[in-house]
Amino acid sequence: MAMCSILNADDIKKALDAFAVADSFNHKKFFELVGLKAKSADEVKKVFLVLDADNSGFIEEEELKFVLKGFAQNGRDLTDKETNAFLRAADKDGDGKIGIDEFAALVKE
């Protein structure tokens, strides 16, 4: 499933443009700009499934680094600093990866 079938393409572009500079990524602001905060739990789950590239049921650190590419192919890679901050914010059970419930909770923060 393509991200643009869940979210508005213009919103995706605006959100990616807002965080084009390395070390500028803020997950709360990104989820708001991309329109994800306003989506239903089911739509948030669909976004999670797109970002879970290996279909493991989790977004691992390596997938998280490429999370912006999940929204659009021209999205940049997150820096190590951004990846670690994003993981720390979402990984509530400390297992080093983000599950669907952790992702949904992070989106709605």
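Q: Is aspartate 17 buried, partly exposed or exposed, and what is its relative accessible area?
A: In this predicted model, a residue is placed in a class by its relative accessible area, with buried under 20% and exposed over 50%. Aspartate 17 has a value of 46%, so it is partly exposed.

Q: Which side chain meets that of aspartate 17 in a salt bridge?
A: The criterion is a side-chain nitrogen of Lys or Arg within 4 Å of a carboxyl oxygen of Asp or Glu. Aspartate 17 is bridged to lysine 13, with N to O at 2.8 Å. Both residues belong to helix H1 (residues 9–18); they are 4 residues apart, and therefore separated by about one helical turn. Lysine 13 has a relative accessible area of 52%, so it is exposed.

Q: How many salt bridges are there by this rule?
A: The count is 7. Among them is the bridge between lysine 69 and aspartate 77, whose closest N and O atoms are 3.1 Å apart. Lysine 69 is partly exposed at 37%, and aspartate 77 is partly exposed at 34%.

Q: Are arginine 76 and glutamate 82, whose side chains also meet in a salt bridge, buried or exposed?
A: Here each partner must be read against the burial cut-off, which is 20%. Arginine 76 has a relative accessibility of 16% and therefore counts as buried. Glutamate 82, at 6%, counts as buried too. The N to O distance of their bridge is 2.6 Å.

Q: What is to be noted about the charge of glutamate 102, and where does this residue lie?
A: Glutamate 102 is placed in helix H7. It is buried but has no salt bridge, and the nearest side chain of opposite charge, that of lysine 92, is 8.0 Å away. The side chain of glutamate 102 does reach the backbone nitrogen of aspartate 93, at 3.1 Å. If residues up to four places away in sequence are not counted, glutamate 102 touches Ala90, Asp91, Lys92, Asp93 and Lys97.

Q: Over which ring does the charged end of lysine 97 sit?
A: Such an arrangement is read from the position of the charge relative to the ring centre. The charged end of lysine 97 sits over the ring of phenylalanine 58, at 4.3 Å from the centre of that ring.

Q: How many aromatic pairs does the structure hold, and which residues do the ring pairs link into a cluster?
A: There are 9 aromatic pairs. In one of them, phenylalanine 48 and phenylalanine 103 have ring centres 5.7 Å apart and planes at 55°, so the pair is tilted. Phenylalanine 48 lies in helix H3 (residues 41–51) and phenylalanine 103 in helix H7 (residues 100–108), so their pair ties together parts that are 55 residues apart in sequence. Both phenylalanine 48 and phenylalanine 103 are buried. Ring pairs also link Phe19, Phe25, Phe30, Phe31, Phe48, Phe71, Phe86 and Phe103 into a cluster.

Q: Where is leucine 64 placed, and is it buried or exposed?
A: Leucine 64 is in helix H4 (residues 61–65), and at 1% relative accessibility it counts as buried. Beyond its neighbours within four places in sequence, leucine 64 is in contact with Ile59, Leu78, Thr83, Phe86, Leu87 and Ile98. The C-alpha atoms of leucine 64 and asparagine 84 are 9.0 Å apart in space, while the two residues are 20 apart in sequence.

Q: What is the phi of aspartate 23, and what is that of asparagine 55?
A: Aspartate 23 is not a glycine, yet it has a positive phi of about 65°. It is located in the loop between H1 and H2 and is partly exposed at 45%. Asparagine 55, also not a glycine, has a positive phi of about 55°. Asparagine 55 is in the loop between H3 and strand S1 (58–60), and at 65% relative accessibility it counts as exposed.

Terms used:
Residues are numbered from 1 along each chain as its sequence is written. This is a predicted model: local features need pLDDT of at least 70, side-chain atom pairs count only at pLDDT 80 or more; totals for chains, interfaces and linings use all residues. Side-chain values use heavy atoms; hydrogens and water are left out. Rings of Phe, Tyr and Trp (its six-membered ring) pair if their centres lie within 6.5 Å; planes under 30 degrees apart count as stacked, over 60 as edge-to-face and the rest as tilted. Helices (H or I, at least four residues) and strands (E, at least two) are DSSP runs, numbered from the N terminus. Buried means under 20% relative accessible area, exposed over 50%, partly exposed in between (1.4 Å probe, protein chains only). A charge sits over a ring if NZ of Lys or CZ of Arg is within 6 Å of the ring centre and within 35 degrees of the ring normal. Lys and Arg count as positive and Asp and Glu as negative; His and the chain ends are not counted. A polar contact is a pair of N or O atoms within 3.5 Å; within protein, one must be able to donate a hydrogen and the other to accept it, and residues adjacent in sequence count only if both atoms are side-chain atoms. Contact means heavy atoms within 4.5 Å.
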